[in-house]
Amino acid sequence: MLSNLKAQPADKILTLMAAYREDPRPAKVDLGVGVYKNAEGVTPVMRAVKEAERRLVETQESKSYVALAGDPAYADAMIGLILGESVARDSIAAVATPGGTGAVRQAFELIKIANPAAKVHVSNPTWPNHVSILKYVGIEAVPYRYFDTETRGVDFEGMLEDLGKAAEGDVVLLHGCCHNPTGANLNLTQWQKVVDLINEKKLLAMVDIAYQGFGDGLEEDAQAVRLVASSVANVLIAGSCSKNFGIYRERTGILMAISADAETPIVQQNLNFLNRQNYSFPPDHGARVVTTILTDPELRADWAAELEEVRLSMLGLREQLAEELRERSGSDRFGFIAQHRGMFSQIGTTPELVEKMRVDSAIYMVSDSRMNIAGLNDKSVPILAKAIVDAGV
Ligand code: PMP
């Protein structure tokens, strides 16, 4: 029976990582997988995370099950972090999930239960897993124009025009900040226009926020999601702690649902039900670490300070790369790299030139030309800039 199984397409990023490992050239640069790395190429355990884990080892007396929705204190802490005071707590249903991916998956399944006819409108491009999970769950993904390959900013006119074609009850999937893969984001005035369109067309807003604190700051990066949550009738929010707490492998995420026309306890029951069907109790360790940090003023301040260092280091690399490219190319056409926010920038070139940079200069980036800015350091920025200009990007 298992002989009926067909080969699954190889994951592009994982294939790229394997090729990078096998490349013997010493000056090779890995800009592939979306993991933060410091200047030494290490993904460190954050200080506050180490301390919270130490406290947990000392004080935790049971590893028994917690609750289908996860620890309520985790939900409270994450709602505070992502939504602040923008929405009344009792109108939010929330469950802990295995990472942001778990939250995205549960959100799509909830959509499927609530409105099997709904289509999900996704930015072109978006995180590839959005599209593949939608397909797997059996929901049609409809791309809307997003990345302008000329300006490398957002094609906002095109975006509004495409979203204007959505049918009532459809879902608009938005990246709360630090768009993956492009790095190009809406400003708040544009967010307001998207919110108006969503309300006018009676759509559901889904916000995926996986990089809070990586763009313009913890509060700044939450402004858009807060605007949506407080002004759209039906909102789903998928949050991830993988990046901003650096706890990728602990699988720590959250799904929130806010609805003006449904009863919160019923929405909550459905979220709990989905957890029960898919994996029963969500992972607890990462969630408890996050709760420990967010509820202890000292740990929270230390975490926020370390996250700010991470954010500023990526911003510094962006500025250095944009400047280096300006000098080498004698033009300002790469200025967008300093305007983009988050861990990624899509330089907007062809798979052929991406391949040329890999062959000629040992630069490893995803074929859609997304580069992980955190894969750079002082020494590799000039190598990358030279490769980009030499390849004729
Ligand atoms: N959404 C987006 C846009 C992402 O980039 C990621 C991480 N690559 C996730 C969700 C989920 O991450 P994780 O499951 O590791 O928390």
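In this predicted model, the centres of domain 1 and domain 2, taken over C-alpha atoms, are separated by 28 Å. Domain 1 is built from two stretches, 12-45 and 312-391, while domain 2 covers 65-295. Here is a short tour, from the domain contact to a few backbone details worth a look.

**Where the domains meet**
- Domain 1 brings 18 residues to the contact, and domain 2 brings 21.
- On the side of domain 1 that touches domain 2, strand E9 (residues 344-346) gives the largest share, with three residues.
- That side of domain 1 is made up of eight nonpolar, seven polar and three charged residues.

**The nonpolar core**
- The largest nonpolar core holds 114 residues, and those touching the most other members are Ala-94, Ala-107, Val-172, Ala-205, Leu-236, Ile-237 and Leu-255.
- This core lies between domain 1 and domain 2, because both give residues to it.
- Leaving aside residues up to four places away in sequence, Ile-237 touches Ile-82, Val-207, Ile-209, Val-225, Ala-229 and Met-256.

- An α-helix has 3.6 residues a turn, so residues three or four places apart point the same way.

**Around the ligand**
- The shell around the ligand has 14 residues, of which Gly-99, Gly-100, Thr-101, Ser-240 and Ser-242 come nearest.
- Helix H4 (residues 99-114) supplies the largest share of this shell, four residues.
- By class, the shell has nine polar, four nonpolar and one charged residues.

**Backbone details to check**
- Asn-124 and Pro-125 are joined by a cis peptide bond with omega near 5°, and Pro-125 lies in the loop between strand E3 (120-124) and helix H5 (128-137).
- The bond between Asn-180 and Pro-181 is cis, with omega about 20°; Pro-181 is in the loop between strand E5 (171-175) and H7.
- Arg-251, although not a glycine, has a positive phi of about 55°, and its place is the loop between E7 and E8.
- Arg-251 counts as buried because it has 21 C-beta neighbours inside 10 Å, where the cut-off is 20 or more.
- Ser-369 has a positive phi near 70° and is found in the loop between strand E10 (363-364) and strand E11 (370-372).
- Ser-369 is buried, with 22 other C-beta atoms within 10 Å.

Terms used:
Residues are numbered from 1 along each chain as its sequence is written. This is a predicted model: local features need pLDDT of at least 70, side-chain atom pairs count only at pLDDT 80 or more; totals for chains, interfaces and linings use all residues. Domain bounds come from an automatic or database domain assignment. Two residues are in contact if their C-beta atoms, placed from the backbone, lie within 7 Å. Helices (H or I, at least four residues) and strands (E, at least two) are DSSP runs, numbered from the N terminus. Ala, Val, Leu, Ile, Met, Phe, Trp, Tyr, Cys and Pro count as nonpolar, Asp, Glu, Lys and Arg as charged, and the others, Gly among them, as polar. A nonpolar core is a set of buried Ala, Val, Leu, Ile, Met, Phe, Trp, Tyr and Cys residues joined through C-beta atoms within 7 Å. A residue is buried if 20 or more other C-beta atoms lie within 10 Å of its own, exposed if 12 or fewer, and partly exposed in between; C-beta atoms are placed from the backbone. A residue is near a molecule or strand if its C-beta atom, placed from the backbone, lies within 6 Å of it.
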